[in-house]
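Please walk through this protein chain with the sequence and the 3D view side by side.

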Amino acid sequence: MTSDVPLHLTTALRRRDYLVSPWPWRSLAYLATTLPIAGVLSIGLLVVGAPLMAVVNATRQGRPVELPILVFLTVVALTVLALAPVVSIAVAAIERWRLRLVDPRPLHRQRFTGLVARYSDAGAWREVGHTFLLGGLVPLAYWLLFLIGLLDLTLIASPWLVGDADPVIVVWTTVDTARQAIPYAAVGVLGVPALVYLAGLLAAGQAAVARRLLDGAADSTALREVARSRARLVDAYEAERRRIERDVHDGAQPRLTSLTLQLGLARLDVPDDSPAARPLAVAHEQAKGLMITLRQIVQGIRPQHLTELGLAGAVRELAGAATIPVDVYADLGQPLPEVVETTAYFVVSEALGNIARHARAGRAEVRLTRSAGSLVVEIEDDGCGDADPARGSGLTGLADRVAAVDGRLLLSSPPGGPTLVRVELPCPR
């Protein structure tokens with residue numbers, strides 16, 4: 001499955017039709033559904049924050065701090081830290097579900113290994129950080145957006161707010177009549193699109209931080225770079241190229257040359273008006289074309305449908321031919337360099353082949369994104385996991401191919417799955 005619409009709010013904000021698309025409404029829905037969650041969490045933080053501020057003020061003024069307050073703060077702080085990894089489970093689950101409003105791209109879910117394990121898991125503490133962010137910083141940002149929106153609404157309504165004898169303060173000046181307020185109302189109306197964009201930027205920023213914190217693949221211990229040696233890469237590729245060239249030169253090419261020669265001689269012996277002349281000429285041309293094709297294979301031929309359809313279309317064809325359902329998400333933008341396209345295509349092809357042979361998966365996903373000067377290819381399946389490059393699963397060969405263009409391949413495959421193969425290829429804009 002591929003889509004030509006923006007995959008997430010950040011890309012939609014850069015489009016000219018943003019204001020007339022569904023994305024402003026989706027961003028507003030995301031902000032609105034954040035309010036009750038952030039409100040509950042902020043109340044919980046205030047239980048600690050209010051006494052803490054009192055202690056800070058007392059310390060700054062040189063007044064002694066009473067022991068019961070210190071004991072209360074200590075107990076509450078320890079309780080909050082003890083409960084945070086548990087509370088964050090529900091908050092993270094809700095956030096992953098809500099995130100689809102502004103960013104439908106899949107998130108890598110962490111496997112639940114028990115409550116005790118969460119206290120030593122880096123991913124769990126990132127979820128805790130997201131929970132504190134929702135309860136602390138997000139309400140402040142929303143309050144600022146509310147004040148800006150209220151100011152804009154005041155500008156728009158200023159002609160109706162001016163009474164017969166009651167002036168109205170608008171921003172930095174006083175308005176006495178409705179006629180004087182009309183320019184301010186016009187500014188307010190013109191400011192509505194900017195306010196919509198501002199709300200979208202706030203939603204996009206919050207979603208980006210949430211994705212960063214809640215993405216299970218972000219844990220540096222979960223992704224390990226597959227070892228590859230540039231010396232092994234060069235030696236192996238050169239040896240394989242020489243072997244194929246030798247086999248073609250010593251085996252197939254002489255026979256094909258002889259066949260082409262025999263067909264050419266036969267064409268000379270067959271009259272032009274003979275029924276066999278036409279088929280013989282076609283066979284002769286096909287034999288000569290086959291010789292050219294063999295030479296291209298030795299040099300490394302580029303798949304034809306990759307040239308015709310581009311990377312996203314070619315990967316879609318691979319997904320359609322797979323033995324399990326494969327979803328494809330593509331956000332590529334400008335055309336890619338040929339070597340990057342070819343490398344990415346063969347990476348996806350080999351990875352889907354590995355899934356079919358080893359993973360015992362029910363479905364898979366391929367994600368193609370371009371950002372920060374690189375093409376990121378992610379192939380994820382819900383199979384049994386435990387992929388190990390040392391066991392000859394083809395991952396080392398993939399790493400060699402990726403290293404040839406100065407890229408890197410990373411792998412996350414815990415026992416029981418899921419398995420994620422992430423390839424990063426340099427791709428300057």
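**Surface, strand and confidence**

Helix α3, which spans residues 67–98, contains L81. The model is predicted, and in it L81 has a relative accessible area of 46%. L81 therefore counts as partly exposed, because that class covers values between the 20% limit for buried and the 50% limit for exposed. On the surface, L81 belongs to a nonpolar patch together with V86, L115, Y119 and W125. The accessible area of these residues together is about 440 Å².

R370 is found in strand β5, residues 364–371. Is R370 buried or exposed? Its relative accessibility is 8%, and R370 is therefore buried, since the cut-off is under 20%. The R370 side chain reaches the backbone oxygen of P335 at a distance of 3.3 Å. R370 and A330 are 40 residues apart along the chain, and 8.9 Å separates their C-alpha atoms.

The average pLDDT is 78, and 76% of the residues score at least 70. Strand β6 (residues 374–381) has the highest confidence, at a mean of 90, whereas strand β3 (residues 224–225) has the lowest, at 54. In residues 1–5 the pLDDT is below 50, and this stretch has seven contacts in the model beyond near neighbours in sequence. Residues 218–222 also have a pLDDT below 50, with nine such contacts beyond near neighbours in sequence.

How values were computed
Residues numbered from 1 in each chain as written. Predicted model: local features only at pLDDT ≥ 70, side-chain atom pairs only at ≥ 80, totals over all residues. Heavy atoms only, no water. Patch = residues over 30% accessible without salt bridge, like charges linked within 9 Å, V, L, I, M, F, W, Y side chains within 5 Å. Areas by Shrake-Rupley, 256 points an atom, 1.4 Å probe, with all protein chains shown as cover. Salt bridge = Lys/Arg side-chain N within 4 Å of Asp/Glu carboxyl O. Helix = DSSP H or I, 4+ residues; strand = E, 2+ residues; numbered from the N terminus. Buried < 20%, exposed > 50% of the residue type's maximum accessible area, 1.4 Å probe, protein only. pLDDT = per-residue confidence, 0-100. Contact = heavy atoms within 4.5 Å. Polar contact = N/O pair within 3.5 Å; in protein donor to acceptor, adjacent residues only side chain to side chain.
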